[in-house]
Amino acid sequence: MVIINPTHNTQPATLPRSAAAVPVLPINRVLNAVVLGERAQHLYELASGNLRMMAESQTTLRAGEHLQLRVLGKDAQQRTELQVLQRSSSDVTALLRARLPQQQPLNQLMASLQAVAKHGAPPLQSQATAVLELLPRRQQLLNASDVEQALRNSGQFLEAGLSTGKKPTADLKAALLRLAQQLQQRQAPPQGHLSTSYGPATSAASHVAGAPPASAPPHTTAANHYPSAQSTDNLPGQLRPQPRLTPAPPASSPGVQLDQLLLDVRGALARQDAQQLLQLQNRDNTTLIELPLRDRDGIDVWQFQLRPPLGEQQQDTQRGEQERQNDGWSLTLSFDLPGLGAIRAVVAEHQQQLTIRFKAVEAATVQLLLQHRQELLERLQDQGIADPQIDCARSSSTDNAQPLTSSLLDDRA
């Protein structure tokens, strides 16, 4: 239990205090924390990295709010005292609500870019091709360093890099922001249309990356040339395979081509914003990254879900014995390949034991995985991994969807 902005007349929370050990925090250390929610009157749950804390605060805090806290020391009851140095000026949940209606899955943008790069008007062709050439090829991701670099360039970490002064080079989100700027500059404003802000979640990044905030796409250009992205099957934050979409021939009119491409670019940017905002509210530090990969005959969207090991404090205070037995890092890959269907692979480590579990929707794909199981085992053993475990099974669905946030669901956002 910690105390925020302690005073002499601080009243105890209405919920009994946890008997778990108080985390050891050096005096004057500064923490960045997110408010996960109010658990009782004046009692809040906070997340700071892998650390989870219950905090008493007479200052009202909001779920999703970001705090900068300084450690003052301990009171007579050995409770850690924290002082609020800075509070976020924006509500993450409100930003997330604003971006969700605009988002579209990345496979829709990939199909649109390929169609324009092949059959579009000359100026649009070069702009679409420039973005596609930034995407990593599947054959290139054969070692850990290349995979790490590809994930860093996925767009998920653009703002984090900009905040440290790093100029993006091959970052996908930065490239899409520049493309949106180029397309908007060429787009004639429709009659009677009032431009609205592109959205607060990326406005700062847009300026730093060299692209001003774009106006929202006019509803009159929202051509349904692909399946609707507003279905709950395609919400951000959910581990659902995105099948490859066949690029449809672009419209004959260059103006319509431009409008459709701009719509898809903005939808992909809104989705990346939503993924980043959801990460700020994540309770277990799980990161979901969507990465388009070029293959020989098209582009597939791979989803990487990374979960680091839980800290000892969280293990002891928040999880049962059975759950602690499964603690360890894990990486989940989700993809949908032509001819193979939806596949999910979970790579996990526990007590120096590596396990890989494949689940596929198609029975033929499971048989193919079984045929190559021994080859994979031998390759892992050649890398020094002793006794890896590999399982292959069929599943009626590879979905691993979780609710976005309880507050969003409660408000029917």
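Tutor: We begin with a definition. Rings of Phe, Tyr and Trp (its six-membered ring) pair if their centres lie within 6.5 Å; planes under 30 degrees apart count as stacked, over 60 as edge-to-face and the rest as tilted. This is a predicted model, where local features need pLDDT of at least 70, side-chain atom pairs count only at pLDDT 80 or more, and totals for chains, interfaces and linings use all residues. Residues are numbered from 1 along each chain as its sequence is written, and side-chain values use heavy atoms, with hydrogens and water left out.

Student: By this rule, what does the count of aromatic pairs come to?

Tutor: Apply the ring rule to the model. The count of aromatic pairs comes to one.

Student: Why is the pair of Trp302 and Phe335 given its class?

Tutor: The ring centres of Trp302 and Phe335 are 4.1 Å apart. Their planes meet at 25°, so the pair is stacked.

Student: How many residues apart are Trp302 and Phe335?

Tutor: Helices (H or I, at least four residues) and strands (E, at least two) are DSSP runs, numbered from the N terminus. Trp302 is in strand β8 (residues 298-307) and Phe335 in strand β9 (residues 330-337). The pair links distant parts of the chain, with a separation of 33 residues.

Student: Is Phe335 buried or exposed?

Tutor: Buried means under 20% relative accessible area, exposed over 50%, partly exposed in between (1.4 Å probe, protein chains only). Trp302, with 13%, is buried. Phe335 has 7% relative accessibility, so Phe335 counts as buried.

Student: What share of the 413 residues in the protein is buried?

Tutor: The protein holds 13 helices and twelve strands. Among its 413 residues, the buried share is 46%.

Student: Which residues does Val265 touch, leaving out those up to four places away in sequence?

Tutor: Val265 lies in helix α8 (residues 254-280). Its relative accessibility is 0%, so Val265 is buried. Contact means heavy atoms within 4.5 Å. Leaving out residues up to four places away in sequence, Val265 touches Leu109, Leu176, Leu179, Ala180 and Leu183.

Student: What distance separates the C-alpha atoms of Val265 and Gln108?

Tutor: Val265 and Gln108 are 157 residues apart along the chain. Their C-alpha atoms are separated by 9.3 Å.

Student: Which residue in β3 stands opposite Ala40?

Tutor: Strand β2 (residues 30-40) runs antiparallel to strand β3 (residues 43-48), joined by five bridges. Gly37 stands opposite Glu45. The residue opposite Ala40 is Leu43.

Student: Which residue takes a positive phi in the hairpin of β2 and β3?

Tutor: This hairpin has two residues between the strands. The residue with a positive phi near 70° is His42.

Student: What is the bridge partner of Val30 in β5?

Tutor: Five bridges join β2 to strand β5 (residues 66-74), and the two run antiparallel. In β5, the partner of Val30 is Arg70.

Student: In which helix is confidence lowest?

Tutor: pLDDT is the predictor's confidence in each residue, from 0 to 100. The protein averages 79, and 75% of the residues score at least 70. Confidence is highest in helix α11 (residues 363-371), at a mean of 96. At a mean of 39 over residues 200-209, the lowest belongs to helix α7.

Key. Two strands pair if DSSP finds at least two bridges between them.
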